[in-house]
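I opened a new page for this chain. I note below what I looked up, in the order I looked.

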Amino acid sequence: MPQPTDRPLTAVADTVLTGAHVRTLDPERPTATAVAVRDGHIVAVGDERDVRDWRGAHTEVVDLGGATLTPGLVDGHSHPVLGLEMATGLDLSGCRDLDALRGTLADAARAAGPGAWVLGHGLDHNVFGGRPVQHDLIDPALGGVPAFLRLYDGHSALASGPALAAAGIDGPRRFAQRAEVVCAPDGRPTGHLVEPAAMDLMEPVLPREDPSARRARLLKLLTDMAATGLTGAHVMDLQGVGVLDLLTGCEEEAGPLPMRLRIAPWCMPGTDPAELDHLVALQRSRGAHWRVGGVKFFMDGTVEGGTAWLEHADCHGQGTEAFWPDPAAYTAAVHHLARAGVRTTTHAIGDAAVRHVLDTVELLDDPGQHGRHRIEHIETVPTGQLERFARLGVTASMQPTHTAYTRADHTDEWSKRVGEERAGRAWRCRDLRDAGATLVLGSDWPIAHYDPREVLATARLRRLPGRPDITPVLAGQALTGLMALEGYTSHAALAVGEQDVAGRIAPGYRADLTAFAVDPVTAPADELGEAPVVLTMTAGRVVHRG
C-alpha cells in the first residue's frame with residue numbers, strides 16, 4: 001500500500017477518522033491523531049495535515065471526539081458457533097449453591113411445555129460444595145422434566161435421570177479418548193458426563209434449532225461481539241453440523257461477517273494419516289471474513305473433571321493420564337501437520353501436558369517451524385518451563401477471566417484439587433511475558449463472557465472489574481495496560497503469522513480498528529471494564545458506532 005506522501009493524485013479515502021488519540025502499536029510512529037482508510041486498508045496515519053489530501057467528495061469523515069483508537073481487538077480463543085449450542089437455555093452462572101440451582105431449575109420445569117427440556121449452561125463446580133456431581137441432587141426439583149446442564153468448563157455436563165434414559169445411557173462406556181460416563185459403584189450412571197465424547201451421547205435426543213434461526217442467531221452474536229470492540233476471533237473448533245455451510249450462508253444472506261473468524265478444527269485421538277491429510281486440505285476453506293487456519297489438539301481436559309494431565313496426581317488420585325492415550329501419537333500427528341505447513345494449537349492445562357507439547361515442538365525437524373505452534377490455557381506451569389516458550393517461539397494463549405472460578409485463599413474446587421503448590425503457580429501471565437513469550441489473550445466464550453473490556457481489565461486486576469470486594473488471585477501475575485492491549489492486538493497477529501498485515505495501525509495494514517471512550521492502557525482498569533466502545537471498524541467498514 002502507498003505511503004501518505006506517495007498518494008496517487010486521483011486516490012481518495014473511503015473514511016477519515018480524526019480527533020483521536022491513536023495508539024498505533026507501531027514503533028516507528030507510536031501515536032497519532034488521524035487515520036485514513038481506503039479499500040479496507042489503512043493508507044495514512046498522522047495528524048490532520050497527513051490525511052487532508054485523502055479527503056474527497058464521498059469520503060466519510062468521523063470525528064472521534066478524543067476517543068482512543070487502537071488496532072482492532074482479536075479474541076485469541078473463542079467458540080462462537082459451538083457456543084451457540086453450549087450457551088443454549090438457562091444461564092446458571094449466577095447460582096452459587098445447590099438451593100439456588102434447585103430453585104432455578106424448578107421454575108424452569110414448571111414453565112416447560114409438554115415434551116420440553118430444561119437446558120442450561122455456565123454451571124459452576126463450586127455450587128456442589130465438594131459433593132459429587134450427580135443427578136440425584138437435581139431430579140426432585142425438575143419433577144420428571146429431562147434436563148441437560150453444561151458445567152462452566154465446557155468439558156463436562158450433568159444430565160438428569162430422565163435425560164439419561166432418553167439417550168439410552170444406562171452404564172459405563174468405552175472411549176478412544178479420556179472421556180467418561182461417571183457411574184456409581186453399582187454401575188448406574190450419576191449423570192456426570194466428562195469430556196466431549198461422553199457429552200456427545202446426548203446429541204441425538206437434544207432439541208435442534210432450525211437452520212435459518214441458527215444463521216440469525218450467529219449473525220446477532222457476531223454483531224454483539226463487534227459492539228464490544230472485537231474485530232476478529234481465533235475460533236478453536238469446527239464442531240457441529242454444517243458449520244462451513246452455515247458461515248457461507250451467513251455471508252450470502254448478509255454480506256461479510258462483522259468480524260473475522262480464523263478457525264482451527266479439532267484433531268482427536270485415533271486420527272489416522274488420511275484424516276490428517278483431510279485437515280490439511282481444509283486449510284483452503286474460506287469466505288470473505290472467515291477462513292480455516294490451523295488445527296486444534298487436546299493434550300488434556302480440566303482440573304475439576306479430573307482429566308488435566310499433571311506431573312503428579314491431584315487430591316483425588318486423578319490427573320496422571322494424557323487425553324491422547326498414546327502421547328507419542330499426538331507428537332506424530334503434530335509433526336505430520338507441521339511438515340504440511342499447518343499451524344497447530346493445543347489445549348494443555350496441566351503441567352505435564354504443557355511440558356509434552358513443548359517437547360513435541362522442540363523435536364520438530366525444522367527449527368523454523370517452532371513459532372507456528374501455540375498452547376492454550378496453561379493453568380499451572382512450573383518456572384522451569386517458562387523460558388522454553390520464548391526460546392522455542394511457542395505462543396502462550398491465556399484467558400484472564402478464568403481466574404474468576406478460583407479464589408485467592410485456594411478454597412475453590414480448582415485450587416483444592418491441584419493442591420497449594422500448583423495453585424500458587426496458576427495463570428502465570430506476567431511471568432510468561434517477562435520471560436519473553438508471545439502472550440495472546442482471549443475469553444474462551446462461552447466459558448467466560450466475550451467482552452474484551454472485561455478480559456483486558458481482569459488481566460490487570462487479577463479479579464473481575466467492578467468487584468473490589470474480591471481479593472485478586474495471584475496479584476503478582478497482573479499485566480500492565482499495554483501488555484494487555486498487545487495480547488488482543490499485536491501478539492494476536494504474531495501468533496497466527498499476520499504481523500505484517502494486522503495488529504498495528506500503519507499504512508498498508510488492515511483497517512480493523514477499535515475506538516474506546518477511555519484509554520485502555522492508562523484508564524483505571526475498573527473504569528475500562530464498562531467504558532463505551534465508540535466505534536468498531538472491520539476491513540474498513542464501520543460495524544458498530546457507540
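Entry 1, surface. I looked up the accessible surface of the chain and found about 20,800 Å², of which 51% belongs to carbon and sulfur atoms. Accessible areas come from the Shrake-Rupley method with a 1.4 Å probe, and for residues only the protein chains shown count as cover. I note that this is a predicted model, in which local features need pLDDT of at least 70 and side-chain atom pairs count only at pLDDT 80 or more, while totals for chains, interfaces and linings use all residues. Residues are numbered from 1 along each chain as its sequence is written, and side-chain values use heavy atoms, with hydrogens and water left out.

I read off 19 helices and 25 strands; helices (H or I, at least four residues) and strands (E, at least two) are DSSP runs, numbered from the N terminus. Of the 546 residues, 58% are buried, where buried means under 20% relative accessible area, exposed over 50%, and partly exposed in between (1.4 Å probe, protein chains only). The C-alpha atoms fill a box of roughly 80 × 55 × 50 Å along the principal axes. The radius of gyration is 24 Å, which agrees with the value near 24 Å for a compact globule of 546 residues. That radius is taken over C-alpha atoms, and the globule rule is 2.2 Å times the number of residues to the power 0.38.

I found β10 at residues 118-123, with 5 of its 6 residues buried. Which strands pair with it? Strand β9 (residues 90-91) runs parallel to β10 and is joined to it by 2 bridges; strand β11 (residues 147-151) is also parallel to β10, with 4 bridges. Two strands pair if DSSP finds at least two bridges between them. I wrote down His121 of β10 as the bridge partner of Asp91, and Gly120 as standing opposite Leu149 in β11. With helix α3 (residues 98-111), β9 and β10 make a right-handed β-α-β unit. Right-handed means that, with the strands pointing away from the viewer, the path from the first strand over the helix to the second runs clockwise.

I located Ala437 in the loop between α15 (429-434) and β22 (439-441). Is Ala437 buried or exposed? Ala437 counts as buried because its relative accessibility is 4%. Leaving aside neighbours within four places in sequence, I listed its contacts (heavy atoms within 4.5 Å) as Phe389, Ala390, Leu432 and His491.
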